Amino acid sequence: MPDLFAWDNGVADGTVTQVNVAKTLLTVHLQILVAQVNSAKDAGAWSGYEEETFRLIFDNWHKAADGVFQVLDGISKLVDGSNDAVQKYRDEIMKALG
């Protein structure tokens, strides 16, 4: 059985913060990339096969980025929920002992 008193709320909170920062950075980079792609497309810098190929690659990358975002969101929620559950469990033990 894991030692729940070894759980470090500060580390868990820091992890949640780092995951949320990663999500934000991913979103920002994705927005920048979309703006650059749209700018190039609007400027008529490409057409035909090259545009279609890039669009396919870009769409697949965008789907993968969305998947990573969802994974990071899930990790953030799980760690945050674990943090709350461990704290509640600790409080109940302290109440029972005290």
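Is leucine 30 buried or exposed? Leucine 30 counts as buried, at 11% relative accessibility; buried means under 20% relative accessible area, exposed over 50%, and partly exposed in between, with a 1.4 Å probe and protein chains only.

## The model

This is a predicted model, in which local features need pLDDT of at least 70 and side-chain atom pairs count only at pLDDT 80 or more, while totals for chains, interfaces and linings use all residues. Residues are numbered from 1 along each chain as its sequence is written, and side-chain values use heavy atoms, leaving out hydrogens and water.

## Two helices

Helix α1 covers residues 9–42 and helix α2 covers residues 49–97. Helices here are DSSP runs (H or I, at least four residues), numbered from the N terminus. The two pack at an angle of about 165°, with their axes 9 Å apart. That makes α1 roughly antiparallel to α2, a term for angles over 145 degrees. Axes are lines fitted to C-alpha atoms, for helices over the stretch in contact, and angles run from 0 to 180 degrees between N-to-C directions.

The crossing of α1 and α2 is left-handed, meaning that the near helix is turned anticlockwise from the far one by less than a right angle. The contact of α1 with α2 has 18 nonpolar, 9 polar and 9 charged residues. In this count, Ala, Val, Leu, Ile, Met, Phe, Trp, Tyr, Cys and Pro are nonpolar, Asp, Glu, Lys and Arg are charged, and the others, Gly among them, are polar.

## Rings

The structure holds 1 aromatic pair, formed by phenylalanine 54 and phenylalanine 58. Rings of Phe, Tyr and Trp (its six-membered ring) pair if their centres lie within 6.5 Å, and planes under 30 degrees apart count as stacked. This pair is stacked, at 6.1 Å centre to centre with 20° between the planes. Both residues lie in helix α2, 4 residues apart, about one turn of the helix. Phenylalanine 54 is partly exposed, at 28% relative accessible area, whereas phenylalanine 58 is buried, at 7%.

Lysine 23 lies over the face of phenylalanine 69, at 5.5 Å from the ring centre. For such a placement, NZ of Lys or CZ of Arg must be within 6 Å of the ring centre and within 35 degrees of the ring normal.

## Distances between residues

Leucine 30, in helix α1, is 31 residues from tryptophan 61 along the chain, and their C-alpha atoms are separated by 9.5 Å. Phenylalanine 58 and leucine 33 are 25 residues apart in sequence and 9.2 Å apart in space, C-alpha to C-alpha.

Lysine 77 lies in helix α2 and is exposed, with a relative accessible area of 57%. Its C-alpha atom is separated by 10.0 Å from that of asparagine 20, 57 residues away along the chain.

Notes:
Parallel < 35°, antiparallel > 145°, perpendicular 65-115°, else oblique. Phe/Tyr/Trp six-rings, centres within 6.5 Å; stacked < 30°, edge-to-face > 60°.
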